[in-house]
Structure formats: C-alpha cells, structure tokens
Amino acid sequence: MTSTVSFLDGNFAPVTEEVTAVDLEVTGSLPPELEGRLVRIGPNPKAPPDPATYHWFTGDGMVHGVRLCGGRAEWYRNRWVRGDDVVNTHVIGIDGRTFAAVEAGSRPVELTDELETIGSCAFDGTLDGGFSAHTHQDPATGDLHAVTYHWAWDHIRHVVVGPDARVRRELQIPVPGGPMVHDCAITESYVVLLDLPVTFSMDAAAQGARLPYRWDPEHPPRVGLLPLDGPADDVVWFEAPSCYVFHTLNAYESRAATGDQVVIDLVRHPRMFATRFNGPDEGTTTLERWTLDLGSGVLKTEVLDERSQEFPRIDERRTGRPHRYGYGAAFGRGVEHGPAIKHDLAAGTGELHDYGPGRVTLEPLFVPRSASAAEDDGWVMSYVYDATTDRSDVVILDAQDFGGEPVATIHLPVRVPFGFHGSWLPDA
Ligand SMILES: [Fe+2]
C-alpha cells in the first residue's frame, strides 16, 4: 500500500445497495467439483463517515457471496451485517452454519446461507467474552482455535470452539498492556500467542479515536507457545522483533539437532499505527519465517519474500503441519494493480498471477480438488476488482498453473470493495 491510501476512495469506497443477481455470466468453465459459496467481508459504512475520523477497521460490515452449483454461478449477493456492533472482518463456517466475526470484544453474527443476518451468537451461550476474526482449525480434531482480547482485560484468552459450534475452552492468559491480537497460529501441540507492541491507548480513546490502538515502543514484543490443552502457567515466551503482525500463514513443529523448534511463517509490518491512524499503512511488509528454539529459548527470523504482501493463506488441510505452498495478495505498484502470489517455500520461489491492467486481487483462497488431493492440487479463488470497468469478477485459477489463464472468471454486475477475509464454504 502507498502512504496516500484514504480508505474511502476508489475501491475502498462503500457500495450503497444490497444486490441479488442470478445466473452470472462466466468466461471459461466452472469446475463442477466446486459446489458451495465463496464468501467474504469488509467494511462498508452505511452512512458516509467523516473522513477526518474514519478508520477502515471500524466500518459497518458487508458480506459478499457467490454460490456455485452444477458448473453454474447461481447467484451473487451482498448484505450488510445487521446488529448493534460492527462485525466486519471474516466469514467462517462451523457445523454447516455461517458466521461473520470480528475481534476486540464483539460476538460473532450468524448468517443464513443467503447471507441475511440471523443475529448475534455466543455459540449457544457457551462463549463468555468476545471472539476473534481469525480461527485456525486443527485437522486432527476439527477444533477451531482463536485468541481473543478486550481493552479492559488484564489477559488474553485462548478460545477453542468444537466442530459442534460450542466453546469447550476459554482460558485466560495474563498479559499486561492491552495488546491488539489480531491472529494466532497453531501447531500439533501449541497455540502461538502474538504479544506485539500495538496496545490500547487511553489518550487516543480520550481524543475520540474510533480505533484507540497505537504503536507502543514501551511494550516488549514477544511470542508465546501455549500447549493446546495446557494451563496458562505453561506458556513459554520468546523475545520477538519490534514489529507488528496481523496475519500468520501457518506454524508447525520441527526437530533440529539442538532440539524441538516451532516454525511460524507470517507477514511482518515494520510497525503499526505509529504515524498513520486511519488504517494499516506504515510501510512495506515482508513474508518472514520465525523459528522458536525450545532448547535455547531464542527466536530467529528469516526473510522468505521481500515483496510487499498481505492476506496469507495456505491449504488448510496443512494447518499446524509443515506446508510447502502459500498464497497471498501482492502489493507494490499501488492499489490499482495487485497480482496474487503463490509461494513454493521448498523451492524458495514465488510465482505471480497478474490479472491484467487495472485489476487487483483481494484475498486469494486455496480450495483442494478433493479431500485426498496433493497440497497444491486445486484452485485459487479470489474476488478481483477491475478499475477500468469499476466492477469485480471472481477469478478461479488452477493452482498448478498459477501464472496461466484462469480456469473461469465469473462476472459480477457490481464491484466488491477492498476488505478483509473470506472462506470457501462447500455444500454439506
Ligand atoms: Fe485479518
């Protein structure tokens, strides 16, 4: 991103209508295996906000979805997420149900299959505090792991939601200073806790900031490893670089000559909310590998890719296990041009898919061809904004022919604003 992002202009601007469109035009051929919904969400203020005080993270949530069925693009829908709180950061599926989610104290909002709001949901009364936008599903158990926070808490929480959409653990971990904890990661044995120097600012709150979190050089950066079922006393903390991390790509355990290690791949921002307060806009990012050595207690960093990027995703069958491939949205030539990137971390290469002039991908997702397919045997799907037409497409790539022509392009009658995250929700 550039230093001139306003978060209200161009394709950051909100759309003004809820739209239902059916039998969408498709270029190419939709894989018949893809039966389900590609959903995503982002900020879309209902009323024009004051540009002087607007923060991108605080706009009313709007969810967008395309349903694929029988080789057809059956519908596109966009709907505001209704309710008292702003819920705008992720859309996930649990037990066949659809939830919009956000961090920092609010509960998820359950949606219908057609994206209408059902209402605020505490997972059948099992969730005590708020939730997180980011969950990581352990492929061994089906449990979803999240780390939650709230400005008034003296702790963060490890929340585990079972595959039945009920909370089975909500463990408090003492953490001072009120850090913003956007994401976590899991391995086969641990949940990775990110305690980095963006913290709740009473001064910013007193000044009326919509998002009162600021860069805090006095807050010691650290990463913790909590056993998935262990008590808070068992957390092992590692000193971390001074930086901010919104998103992990994945984490896993490895064994070195020196002993056990935990490897975390993540997108590193040099700092956050230090000089610019309307959105994440503090310089270029890097994809990094942090290796935590449990024997020595030392965290080492390695740059995997210097190209600025965000929204890292893996084949989620590899969650918590060693992964070879990763996907993300690359920046670098401004917000009017944005390719997708496929990392081959074994080969040390990163391949781009350029969607063409004026075309910018939003978060790309990997969907396997089948449950038993190889790690990169499947499709990479994303919403792509076209500045030349001011409309969006859903573009489906063959992950093993990443730079090649798309398998299919679904043409939407509207644009989908830049936003945050989404999911492929296959039919049950
Ligand atoms: Fe996020």
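Guide: Donors are N, O and S atoms within 2.8 Å of the metal (3.2 Å for Na, K and Ca); water is not among the atoms, so sites may look incomplete. This is a predicted model, in which local features need pLDDT of at least 70 and side-chain atom pairs count only at pLDDT 80 or more, while totals for chains, interfaces and linings use all residues. Residues are numbered from 1 along each chain as its sequence is written, and side-chain values use heavy atoms, with hydrogens and water left out.

The metal here is an iron ion, and its protein donors are the NE2 atoms of His134, His182, His247 and His421, lying 2.0 to 2.1 Å from it. Along the chain, these donors follow the spacing H-x47-H-x64-H-x173-H.

His182 is buried because its relative accessible area is 7%, and His247 is buried with 6%. Buried means under 20% relative accessible area, exposed over 50%, and partly exposed in between (1.4 Å probe, protein chains only).

As for the geometry, the 4 donor atoms subtend angles of 92 to 161° around the iron ion, so the arrangement is irregular. Four donors count as tetrahedral if all angles lie between 85 and 135 degrees; four count as square planar and six as octahedral if opposite donors are over 155 degrees apart and all others between 65 and 115; anything else is irregular.
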